[in-house]
Amino acid sequence: MRVKAYKTGIFKENGDLPSFIKKHLPSLKEGSIIAVSSKVAGLWEGRTADLALKEKIIKESSDFYLKTSLCYFTVKDGMVMTNAGVDESNIKGKLSLLPEEPYKTAARLRTALKEIYKVKKLGVILTDSMILPLRAGVISAAVGYAGFKGVKDYRGKGDIFGRKLKMTLVDAADTLAAAAGLMMGEGKEKRPFAVIEDAPVIFVSGQKKGEITYPLEDDLYYPFFKPFFKRK
């Protein structure tokens, strides 16, 4: 598998994202996956807000939220993230917001890029930063994706000694987002998208929202978080 991020200029709000990608990526190999910063995808759709509205938007757009010493711990659309994806970095004088419906945004971008590059097998991932419990630093995850199966199911299959696996699911979408995010960077790199080639995934014609979402009450960390969650 190969991952390459592309340096670009600054993408402006309400700009033409497919054309912007084409400008910096003249050709694309069949069976590639393009990982795009959710911030850029949000700007494509004009998803910005006034700085003074930050706390209000975080609370209104979260399924759960908890104020911490660093930020708001939030759960939004089945994903743990900081501040519900509301961000002030790499945008001047405004707040950047996630796309309102990230999976639909990923599908729309995929349709446009398939037409531009004349490919049939193409995946798109929208990435955003998240924090893993008890780990320092952020890691990129998929807030939306389209064009490939986001989960690899090993349940019922054997391990190297023939023991049947009972619980193992591989989160391919987030794993690929993490690899791309490492190459794209978090600061002033100006690398808002990356191309992943030869990824071990199954390409599909559409998308399956909720494929990588795990039921809250069944989640490994739920017993620890339950006393602090504030339900809307």
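Two strands count as paired if DSSP finds at least two bridges between them; helices (H or I, at least four residues) and strands (E, at least two) are DSSP runs, numbered from the N terminus. This is a predicted model, where local features need pLDDT of at least 70, side-chain atom pairs count only at pLDDT 80 or more, and totals for chains, interfaces and linings use all residues. Residues are numbered from 1 along each chain as its sequence is written, and side-chain values use heavy atoms, with hydrogens and water left out.

Start with the open sheet: five strands, in the order β1-β12-β2-β8-β9, with mixed pairing. At its edges sit β1 (2-6) and β9 (139-146), each pairing on one side only. From one strand to the next, the twist averages 30 degrees (axes are lines fitted to C-alpha atoms, for helices over the stretch in contact, and angles run from 0 to 180 degrees between N-to-C directions).

Now pick β1 and β12 (residues 193-197): they run antiparallel, joined by five bridges. Click Arg2 and you'll find Glu197 of β12 opposite.

Next, select α1 (residues 17-24). This helix packs on the sheet and touches β1, β2 (32-37) and β12, contact being heavy atoms within 4.5 Å. The direction of α1 makes about 115 degrees with that of β2.

Last stop: Asp63, in the loop between α3 (54-60) and β4 (64-67). Asp63 is partly exposed, at 35% relative accessible area (buried is under 20%, exposed over 50%, partly exposed in between, with a 1.4 Å probe and protein chains only). Show Asn14 too: it is 49 residues from Asp63 in sequence and 28 Å away in space, C-alpha to C-alpha.
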